[in-house]
Amino acid sequence: MSGERPRPAESTDRDMDRKILELFRCHSGGVVSGEALSTLLGVSRTAVWKHIKNLKSLGYRIESVPSRGYRLVASPDILIQAEVSAGLVVRRIGSHVVCFRETGSTNTVASHLAAEGAAEGTVVLADAQTGGKGRLGRRWESPPGVNVYCSVILRPPISPLHSPQLTLLSAVATAEAIERTSGLVPAIKWPNDILVNGFKVAGMLNELSAETERVEYLVLGIGVNINMERDQFPGDLRYPASSLALEAGRTVERIPFVRALLESLDRLYDEYLLKGFPPVRDAWLARSAVMGRRVKVDGGAGILVGTVEGIDEIGALLVRTAGGSLERVLAGDVSLEG
């Protein structure tokens with residue numbers, strides 16, 4: 001008798017929806033017969049029709065062509081597992097995707113999943129958050145249908161001291177995805193803000209569970225303003241904010257963005273595990289908005305002013321003061337001076 005636990009019906013249905021979408025895409029807008037779908041998927045034609053109806057209910061435009069079969073006409077811009085995973089090329093990050101229409105915080109969900117043993121590379125996405133979290137206990141505005149709210153579970157073989165390196169890695173991956181899908185040229189402001197034309201369009205929040213010498217798990221939280229309009233931003237923001245759509249002058253599709261983000265994260269994380277922090281550090285510096293610039297750093301206990309000379313081996317910001325001393329900044333808000 002097998003000890004394997006049966007898969008939940010909902011999970012099986014999602015897998016079948018994903019396979020149908022993959023078959024449609026393999027035919028590049030052509031007609032796929034119901035008989036072919038039935039044979040390739042190993043289910044009845046009645047079951048095929050059931051899944052077609054379900055995909056239509058999610059917003060997919062699927063035409064029934066009499067005596068021939070079905071044709072996928074258009075896909076909705078909604079964050080569902082079948083759509084995100086279709087065509088996604090990854091080894092680890094994104095191998096398992098969990099999507100919500102709405103949740104309190106994707107970081108909170110991911111932390112719970114990680115504590116319960118979820119595999120490294122598990123991704124949590126939400127169309128909206130009611131309690132999105134930013135740095136230093138701030139709120140991250142998370143309206144539905146316009147942005148990307150994403151959390152990734154990692155289990156890196158590193159000490160807690162080196163965990164900030166992965167925040168910088170996620171910033172590089174986000175910048176790559178923005179450039180790849182929007183054509184914009186983003187810059188990274190230490191430690192976790194992505195800027196386009198001087199406006200903040202994305203931020204990262206790294207949360208971890210660790211022992212003294214090792215990380216048990218780390219959650220990379222990434223929030224990106226994709227298609228927010230001006231009137232959707234709150235009036236009390238600390239820094240000027242915008243969205244990719246506002247800066248590009250056109251709507252940016254969220255699904256291709258998510259795929260690009262997960263693929264960049266997957267590639268950079270593999271490289272990090274093989275080669276360590278230096279390649280990430282070099283990529284971060286190449287996109288830095290503060291390198292060589294005069295900055296003001298508010299660390300909470302005081303203000304530091306100086307010129308940025310780089311980041312060290314754990315990701316701390318190196319600032320040369322007017323007096324000549326080189327200061328290591330581990331946390332704080334950075335703003336450009338002039």
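Where in the chain is S67 found?

Author: Residues are numbered from 1 along each chain as its sequence is written, and side-chain values use heavy atoms, with hydrogens and water left out. This is a predicted model, in which local features need pLDDT of at least 70 and side-chain atom pairs count only at pLDDT 80 or more, whereas totals for chains, interfaces and linings use all residues.

S67 is found in the loop between β1 (61-65) and β2 (69-74); here helices (H or I, at least four residues) and strands (E, at least two) are DSSP runs, numbered from the N terminus. Most residues other than glycine have a negative phi, and most peptide bonds are trans. S67 counts as exposed because its relative accessibility is 85%, where exposed means over 50% relative accessible area, buried under 20% and partly exposed in between, using a 1.4 Å probe and protein chains only.

A second residue of this kind is N197, which has a positive phi of about 55° although it is not a glycine. N197 sits in the loop between β7 and β8 (199-210), and it counts as exposed because its relative accessibility is 57%. A peptide bond also calls for notice: the one from W190 to P191 is cis, with omega near -5°, and P191 is found in the loop between β6 (187-189) and β7 (193-196).

N147 counts as buried because its relative accessible area is 0%. Its side chain makes a polar contact with the side chain of Y149 at 3.1 Å; such a contact is a pair of N or O atoms within 3.5 Å, and within protein one must be able to donate a hydrogen and the other to accept it, while residues adjacent in sequence count only if both atoms are side-chain atoms. Not counting residues up to four places away in sequence, N147 touches L79, V224, N225, I226, N227, M228 and R254, where contact means heavy atoms within 4.5 Å.

Finally, consider charged side chains, for which a search of the whole structure finds 16 salt bridges, each being a side-chain nitrogen of Lys or Arg within 4 Å of a carboxyl oxygen of Asp or Glu. One of them joins the side chains of R92 and E120 (3.4 Å, N to O). This pair links distant parts of the chain, 28 residues apart, with R92 in the loop between α4 (81-85) and β3 and E120 in the loop between α5 and β4. R92 is partly exposed because its relative accessible area is 23%, whereas E120 counts as buried because its relative accessibility is 19%. R91, R92, E120 and D270 are linked in a network of salt bridges.

Another salt bridge lies within a helix: E271 and K275 have their closest N and O atoms 3.9 Å apart, and both lie in helix α8 (residues 254-275), four residues apart, about one turn of the helix. An α-helix has 3.6 residues a turn, so residues three or four places apart point the same way. K275 is exposed because its relative accessible area is 55%, while E271 counts as partly exposed because its relative accessibility is 25%.
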